[in-house]
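This report describes a two-chain model, going from overall dimensions to single residues. The sequence and structure are shown first.

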Amino acid sequence: MASGADLIRRAKEQITEVDPREVNDLLADRNGSVVVDVREQQEFEESHVPGAKHVPRGHLESRIEGAAGDKSARVVLYCASGNRSALAARTLQEELGYENVESMTGGITLWKDRGFDVEVPRTLTAEQRERYSRHLLVPEIGFEGQMKLLDAKVLLLGAGGLGSPTALYLAAAGVGTIGIVDDDVVDLSNLQRQVIHTNDRIGEPKVDSAEQGIHDINPGVEVVKYQTRLDASNIMEIIEGYDVIVDGVDNFPTRYLLNDASVRLKIPVVSASILGFDGQLSVFAPYEGPCYRCLYPTPPPAELAPSCGANGVLGALPGVMGVLQAIEVVKLVTGSGDPMIGRLLLYEALGTTFTNLKLRRDPDCPICSRDPDEISDEEMGVFPDYEAFCDGAG
Amino acid sequence: MSTVKIPPVLRASTGGEKEVSAEGDNVGEVLFSLADQHPDTKGQLFGEDGTLNRYVNVYLNDEDVRVLDGLETAVKGGDTLVILPAMAGGG
């Protein structure tokens, strides 16, 4: 009776072996050839030759035709060191009629020693599969969508009424990186609505308190803190590199500034505002739909632009609007559904009415009718009567 | 008769009313009818030349009247006009 080593030696005599260097050259010009990894699932998941198909040797006979349907095509098999692939190559050649099958010498071990690239397939950890299981169950998100969320970088402007629920739900959803811009500290009067903060964090910077709240619900989220106010000197540096911006700022000058900078960098902005019992929501996606200036070319006079601090707001209202913002972010990141681009939602809480309005791009918009490179630093955030407006707003 | 939805910042001028019924065959007439009933709204909606202030958007049902015929846009009974000034509260 032959030993296992004898069997492998004999198989290698019967088949053709190919050097990893030749396989690497083959990847650049496949010409109908197929590279097949015959190792076990776990080995394949750790790393494999880029573009390799996976057919575990135990399933070779039943699955090889799905990976390599043309028996006259060149088929290169590999395993860890070249033994299992030699046996598999013999099976394909002798029993299944493959005409041009080879086994890669030394397997992926030699491949790596030679310094050739490997592909590391992305997977969720067991903890992530459990944590995001309800996302994985909905086809609109699923594995692909969850991976996009984990890769996403979302910037929240303000960790206040709107930013609090948005931050909590985006953290819970697994958004990989959440940036927070806020220069304020937690105040007792915030806690009626700013649910990411807590009683024992009164007096702490909001960015620190929000970071704590985010990590309490999902420690896997990377939080980037900007304890500052957005202004023309720092906005481009702060927002660059983010995939989506969530606007919950409380004043017009910053909203115009944000609009102009986000148009220049082509970053979509999920915008909401609240007052009393009323909320507005829209998504401003540069060059895809209208921008904030298309909708509001000039701000209202100061007497028509009260802030929440002066006029009050129902505590749960920013909860509704902030969660709607979080949903829009998830839609933009995962590419599912119809984001609120070119639409404005009005929510009136006392009457419980929702009104949808159509928004149009303004062909004469001072910002988004132009090429982003033409927008200069000097004109960002500027609007007619800027000084007078700011004086009036105090 | 049309319904005009009043935004929060203008409700002080309408005695707190969120919706006001107003007569008129076009958008301009309906808004002037609103201004007749609640004179404080006039200066907030219209400039001295009688045109809509640029910081006020007006929608006939769900469409911006500026992409329709502006103040001349015909209004049918049962239509809703939405007045929408910018809001900036972040809470």
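## Chains

The model is predicted. Chain A contains 17 helices and 13 strands. Chain B has two helices and five strands, and these follow one another along the sequence in the pattern β-β-α-α-β-β-β.

The extent of each chain can be set against the value for a compact globule. For 394 residues such a globule would have a radius of gyration near 21 Å, but chain A has 29 Å. The C-alpha trace of chain A spans about 95 × 50 × 40 Å along its principal axes. For chain B, with 91 residues, the globule value is near 12 Å, and the chain agrees with it at 12 Å. The C-alpha atoms of chain B fill a box of roughly 35 × 25 × 25 Å along the principal axes.

In chain A, 43% of the 394 residues count as buried. In chain B, 40% of the 91 residues count as buried. Contacts between residues at least 6 apart in sequence can be sorted by their separation: in chain A, 70% of them join residues at least 24 apart, and in chain B, 50% of them do.

## Contact between the chains

The contact takes 37 residues from chain A and 20 residues from chain B. On the side of chain B that touches chain A, the elements giving two or more residues are strand S3 (56–60), strand S4 (63–64) and strand S5 (80–85). The residues on this side of chain B divide into 10 nonpolar, five polar and five charged.

## Helix pairs in chain A

Two packed helices are described by the angle between their axes and the distance between the axes.

| Helix pair | Axes come within | Crossing angle |
|---|---|---|
| H10(A) and H16(A) | 7 Å | roughly 40° |
| H9(A) and H16(A) | 9 Å | roughly 110° |

Helix H10 covers residues 163–173 and helix H16 covers residues 317–334 of chain A, and their axes cross at roughly 40°. That angle makes H10(A) oblique to H16(A). The crossing of H10(A) and H16(A) is right-handed. On the H10(A) side, the residues that meet H16(A) are Gly163(A), Ser164(A), Pro165(A), Thr166(A), Tyr169(A), Leu170(A) and Ala173(A). Their counterparts in H16(A) are Pro318(A), Gly319(A), Gly322(A), Val323(A), Gln325(A), Ala326(A), Val329(A) and Val330(A). The residues of this contact of H10(A) with H16(A) divide into nine nonpolar, six polar and no charged.

Helix H9 covers residues 142–151 of chain A, and its axis crosses that of H16(A) at roughly 110°. H9(A) and H16(A) are therefore roughly perpendicular to each other. Here Gly145(A), Lys148(A) and Leu149(A) in H9(A) meet Val330(A), Val333(A) and Thr334(A) in H16(A). The residues of the contact of H9(A) with H16(A) divide into three nonpolar, two polar and one charged. Val330(A) is listed in the contact of H16(A) with H10(A) and also in that with H9(A).

For Asn31(A) the angle is about 50°, and for Lys266(A) it is about 55°. Asn31(A) is found in the loop between helix H2 (20–28) and strand S2 (34–37) of chain A. Asn31(A) is exposed, as 7 other C-beta atoms lie within 10 Å. Lys266(A) lies in the loop between helix H13 (252–265) and strand S10 (269–275) of chain A. With 11 C-beta neighbours inside 10 Å, Lys266(A) also counts as exposed.

Val269(A) belongs to strand S10 of chain A. Is Val269(A) buried or exposed? Val269(A) has 24 C-beta neighbours inside 10 Å and so counts as buried, the cut-off for burial being 20 or more. Leaving aside neighbours within four places in sequence, Val269(A) is in contact with Ile245(A), Asp247(A), Leu258(A), Ser262(A) and Phe284(A). Val269(A) and Ala285(A) are 16 residues apart in sequence, and their C-alpha atoms are 6.3 Å apart in space.

Methods: Residues numbered from 1 in each chain as written. Chains lettered and ligands numbered in written order. Predicted model: local features only at pLDDT ≥ 70, side-chain atom pairs only at ≥ 80, totals over all residues. Helix = DSSP H or I, 4+ residues; strand = E, 2+ residues; numbered from the N terminus. Rg over C-alpha atoms; globule rule 2.2 N^0.38 Å. Buried ≥ 20, exposed ≤ 12 C-beta atoms within 10 Å, placed from the backbone. Contact = placed C-beta atoms within 7 Å. Axes fitted to C-alpha atoms, helices over the stretch in contact; angles between N-to-C directions. Parallel < 35°, antiparallel > 145°, perpendicular 65-115°, else oblique. Left-handed = near helix turned anticlockwise from the far one by under 90°. Nonpolar A, V, L, I, M, F, W, Y, C, P; charged D, E, K, R; others polar.
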